[in-house]
Amino acid sequence: MGKLYRNFANFLQFSIIILGTILFVAAHPETARLLAIKVSEKSEVTFKKIDGSLLYGLRLYGLNYKNSVEIEKVTLSYSISSIFSTYPTIDLVALQGLKIYPKRFEKIKNKKRRDKELSLPPLAINHIEIEDGEIYAKPHVGFDISAKNSLLRFSGFSIKKIYAIIATKYAKASLSGSLEGMRLNAAAEISPAPKYLKKALKKVKNLPQSYPVKLKLDRNCLSISTSLKNALILKDQNVTVSDTLLRAEYLFEDRYLKTKASYRISNQLFESDIDQSAIVTPFGAYAVKINGRVLRSGLQLPFKSFYIDSAGDRSVFMADTYAGPYRLSLYSTDYKSYALNLHAKPHRVDYIKTLPQIISKQSIEADANATLRLIPKFAVEGVATFEGNFSSMRNYFEATKKTLLLRSTVKPKKARGGIWAALPEPFVSDIAAFIYISKEKKVANLISTKASLTLFEERGSLSGWADIGSLSLEAKGSITPDGKADIDFEGRIESLNELMRDLNITTEQKVDAAIESKFHLSLGESLSLTYLTKIPWYFVQSDSQHIYYGLDSTLQGSLKKSIVTIDSYDIGFQDRRFKQKRASVIEVDDNLTVNIEKLAILDTLTARGSYNIKKRSGSFTLKGKRAHYKGPEGSLEADVKIDASLSPEKIDAEGEIFIRDALITYKPKRDFKVEDEDIVIIQDIKEPSRTKKALNIHIYSKKPLIYKIPEVTAHFIPDITLWKESEKPIEILGMVKIVDGSIDAADKHFTILPSEIYFGGSNPINPYLDLHIGYEYDFYKFSIYVSHTLAKPLLLFSSEPPMSQNDIMSYILFGAPADEAFGASAEPGGSIATLLLGIGLKNAIGSATGIKFDTLNILSSQDGGFGIEIGKRIGKRLRILYRNDTVSSFIIQYRASRSIRIDIDVKDTGQGVNILYIKDFGKLKK
C-alpha cells in the first residue's frame with residue numbers, strides 16, 4: 001500500500017510539474033501538449049489526448065503508467081495566480097476511470113534517480129475527486145474518493161478531510177477521516193453484500209447490516225478495530241457470542257499480522273469470557289494464545305479457567321491446553337497426523353455430583369497417548385490408563401469415521417475399597433470389556449468371574465443376554481437409526497436369596513422368592529415401558545415364629561417418563577388372594593420423592609401420599625367407602641379413613657375404621673409344635689425400635705357383627721381405639737358388647753347372654769370381663785358369671801332352683817349333683833369332686849379347642865375362689881405347668897435322673913430355681 005502511495009504521488013507531482021512548466025513557457029494549447037509529451041518521455045507516463053491550456057487548466061485522456069495505473073480522464077482546475085504564488089494551490093484534481101493493477105507493480109524495477117528529481121515547494125490541492133476507481137486484485141475493489149484541503153509534498157500527502165466509498169463483491173464500505181503525513185485516521189461503516197449476508201443469516205442469527213470500524217494507516221502499520229453490539233447466535237450449535245471486541249494490526253516492514261479479540265461465548269450449559277491473541281508471519285508461522293474464564297457451567301467441571309497455547313508454521317503444529325488438573329498436548333509435522341497426550345494429575349472427581357460416593361471420594365490419575373490421522377482417512381488409536389485408590393483400568397481404542405473398537409481391563413488393587421468393598425469375594429476379580437461399533441453392527445461384551453453381559457445389534461436388530469449370579473436376562477428387539485427402539489426383555493431369578501447373597505445384600509429377615517419378568521421397552525420421542533412380573537413363590541421369615549408366604553403372584557403395568565402405573569395385580573399371601581384391576585399411579589421425581597397419586601387396595605380403598613427416599617420421610621392417606629375383604633378369617637365391609645406420617649424419628653397414624661358388616665370365622669391355630677425332647681427353642685429377641693410411634697385408630701360398628709366357628713357363635717358390637725403414645729406400648733381402649741351367642745363344647749350347649757368386655761389400656765393387654773353364660777339341663781337353669789380380668793378371671797355360678805357351687809359344676813359337667821356323681825362328700829373342698837371336676841373341664845376344653853393337655857386341675861382356695869393348673873409333657877424329661885390361682889406362674893420341670901428333678905418357677909413377682917431329691921421309700925421293709 002505504501003508503494004502504491006509513492007507511485008501515485010510521483011505520478012501526480014510529475015503531472016503538476018508539467019503543467020507548471022507549460023505556464024511559464026506559453027499559454028497556447030499546443031505548447032501544453034508539446035510540453036506534456038516531453039515530460040512523459042522522461043517519466044514513462046503516456047497519454048492519448050490533452051486539451052485546455054496551461055493558463056486556464058488541462059484535461060488529459062488515456063493516461064498510462066507502465067500498464068500498472070490507467071486513468072480515463074484527468075482534470076486539473078486552477079487559477080494561474082495561485083500557481084505562481086509562494087504557496088502553489090490547485091483548485092481541483094479529478095480522476096475518472098482510475099484502474100490500478102497491483103501485481104504489475106512487482107515487475108517495475110525500483111531505480112533510484114534522485115539526482116534527476118526536481119525540488120519543488122509544497123503544492124496545495126483544494127479538492128481531489130476519484131470517480132469509478134478500481135483495483136484489480138483478489139478480490140476486485142471499486143472505490144470513489146473525495147478529498148478536501150490536501151497538501152502534496154515529496155514526503156507524502158496531508159488531507160484534512162477525506163471521504164471514500166469502497167465496494168467489493170463481498171462488502172461495501174464508506175470511510176471518512178483525515179490523512180496527515182501519510183497517516184490515515186478514519187471511521188468506516190462496512191456492509192456485507194446482500195448475497196453473502198443472506199447466506200450468513202442461515203447459520204448466524206442477529207447479524208447486523210453494517211459494522212463500525214476504526215481504521216489507522218501509516219507507512220509502517222495498518223490497524224483495524226471494531227466492536228459488535230448485537231449478540232450473535234450460531235444456530236447449528238445453539239451458541240451465543242456477545243460483547244465482541246476485535247483488533248488487527250498489519251506491520252508493513254516486518255510483514256506480519258497481529259490480532260486481539262475478546263468475547264463472551266455461551267449456550268444452555270456453558271458460559272465463558274475469552275481473551276484471544278494471535279500473530280501470523282508472511283512465512284506461514286503463527287502463534288495463538290487463548291485465556292478463558294468459566295462463568296457458568298451446567299456440566300460439573302474441576303476448573304474455573306483454562307489456557308490454550310498453540311504455535312506452528314506450514315509444516316509443524318503444536319498446542320497445549322491447561323484446565324485445572326488436565327493437560328492436553330497435540331503435535332504434528334504435516335497437519336495430516338497428530339500425536340495426542342492427555343494427562344490428569346491425581347485428583348478427586350467429587351465435582352461430578354451424580355457419581356456414587358464410592359467413586360467420587362477416590363483420587364484418580366489418568367494418562368492417554370493416541371495418534372490421530374486426518375489424511376488419507378480419519379483414524380485415531382491409542383492407549384488410556386486410569387489409576388484409582390482401589391482400581392486400575394487400561395483401555396486400548398481404535399476409531400475411524402465408521403468404526404469404534406474398545407478393549408478394556410479393570411483390575412482391583414490389593415487394598416479393598418470403593419466398589420469392591422460392597423461386593424462379595426466372588427465378584428472381586430478382573431473385568432474384561434470389549435466394544436465394537438460400526439454402521440452395520442454393534443457388539444458389547446463384559447466378563448467377570450461372577451457376571452457376564454453380551455449385546456449384539458446388526459442392522460437395527462438387537463439381541464443379548466446377561467447373567468449376574470442367579471439372575472439371568474435376555475433381550476430381543478429393534479433399534480432405528482433415529483434412536484427409536486422396541487425391545488423385549490425376559491428376566492428370571494431362580495432364588496432371590498441367592499442373588500442377594502451374591503450382591504452382598506443382607507436383611508434382618510429371611511427372604512427368598514422366584515421371579516419371572518417380561519418387559520417391553522419402547523423408546524421414541526419419550527420412553528415407555530410395559531411389564532409383567534410373575535412370582536411363583538415367595539416367603540419372608542421375620543423371626544423364628546412368623547413366616548409369611550405366597551404362591552403364584554402377578555403384577556403388570558407400565559412406565560412412561562417418571563410415572564409408574566400398576567394396571568392390575570394378583571398377590572397370594574398366607575392362603576389368601578388379593579386381586580386388583582383398578583389402576584394405581586406412582587411418580588418418582590428428580591429429588592427421589594415417590595408420589596403415590598393413587599394406590600388401589602381391595603375394591604374401594606385408595607392410598608395417596610408421598611415419600612422422599614433420601615430423607616426417609618413422607619405422609620399417606622388411606623381412604624375408602626364400603627371396602628370388602630374376604631378370606632379364611634371371614635368377610636368384612638368397612639369405611640376406612642387413616643392418615644399417617646413417617647420419618648426416621650417418628651411415625652404417626654390417626655383415623656377410624658367403621659365396620660358396616662362382618663362375619664369372622666378365625667379360629668386360633670397352634671402353628672408351632674415340637675415333639676423331640678432334644679430340641680430347645682430360643683425365642684428371637686430384637687432390639688426395641690428407637691423410632692417414636694404414635695397411634696390413634698378408632699374401630700367401631702353400629703350393628704352387631706358375627707363371630708362364628710364350629711364351637712362358638714356370637715353377635716358383638718365393637719367400639720375400641722388402638723392407642724399408642726410415643727415410646728410407650730400399644731394399648732386398646734373401649735369396649736366390645738356381646739349381644740348374644742352360643743358355645744357348644746363336650747356335647748353341651750351354652751348360651752351367651754348380653755355381656756361386655758372392657759379394654760382399659762393395660763399392657764400386656766388384659767381386658768376386664770363381664771360375661772354372662774347360660775346353661776339349661778333337665779328344667780334346671782344355670783348361670784355362669786365371669787368377671788375381673790382375662791389374666792385373673794373370677795367365676796361365679798347360680799342356678800334355678802338354687803344349688804351349691806359343687807352341685808352346679810357337677811350338673812354342668814356330668815348332669816348330676818356332686819354326691820350322686822361322685823358318691824362322696826359334696827363339700828366344696830372335697831378332693832374327689834375337685835379331681836373329677838378338673839377331669840371334666842379338661843375334656844371340655846380339649847373338645848372345644850383341640851388342645852390336648854396331660855393334666856388339668858381345679859385349685860380351690862380358702863376364700864372360695866378357684867384356680868387352674870394346666871400341664872403338658874414335652875418328651876421324657878421335660879414338662880411345663882401353667883398355674884393361675886392367686887398369681888400366674890410357669891413351672892418348667894426337668895428330670896435330670898430318676899431321683900433328681902429341677903423346677904424353674906417364673907412368677908409375676910419373681911423367679912426361683914428348686915432342685916428336688918425324690919426317693920420312693922414305699923419298698924423299704926419295716
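The model is a predicted one, in which local features need pLDDT of at least 70 and side-chain atom pairs count only at pLDDT 80 or more, while totals for chains, interfaces and linings use all residues. Residues are numbered from 1 along each chain as its sequence is written, and side-chain values use heavy atoms, with hydrogens and water left out.

Helices (H or I, at least four residues) and strands (E, at least two) are here DSSP runs, numbered from the N terminus, and two strands pair if DSSP finds at least two bridges between them. Within this pair, Lys476 stands opposite Asp488 of S32. S31 and S32 form a hairpin with five residues between them, and Gly483 in the turn has a positive phi of about 95°. S32 also pairs with strand S33, residues 510-523, again in the antiparallel sense and over nine bridges, and here Arg492 has Glu516 in S33 as its bridge partner.

Asp575, in the loop between strand S36 (563-573) and strand S37 (576-580), has a positive phi of about 60° although it is not a glycine. Phe779, in the loop between strand S49 (768-777) and strand S50 (780-788), likewise has a positive phi, near 65°. Asp575 is exposed, with a relative accessible area of 62%, and Phe779 counts as exposed at 86% relative accessibility; buried means under 20% relative accessible area, exposed over 50%, and partly exposed in between, with a 1.4 Å probe and protein chains only.

Two cis peptide bonds can also be found in loops. The bond from Ile375 to Pro376 is cis, with omega near 5°, and Pro376 belongs to the loop between strand S23 (363-373) and strand S24 (379-387). Another cis bond joins Glu800 and Pro801, with omega about 0°, and Pro801 lies in the loop that runs between strand S51 (793-800) and helix H8 (805-814).

After H8 comes Gly815, whose phi is positive, near 80°.
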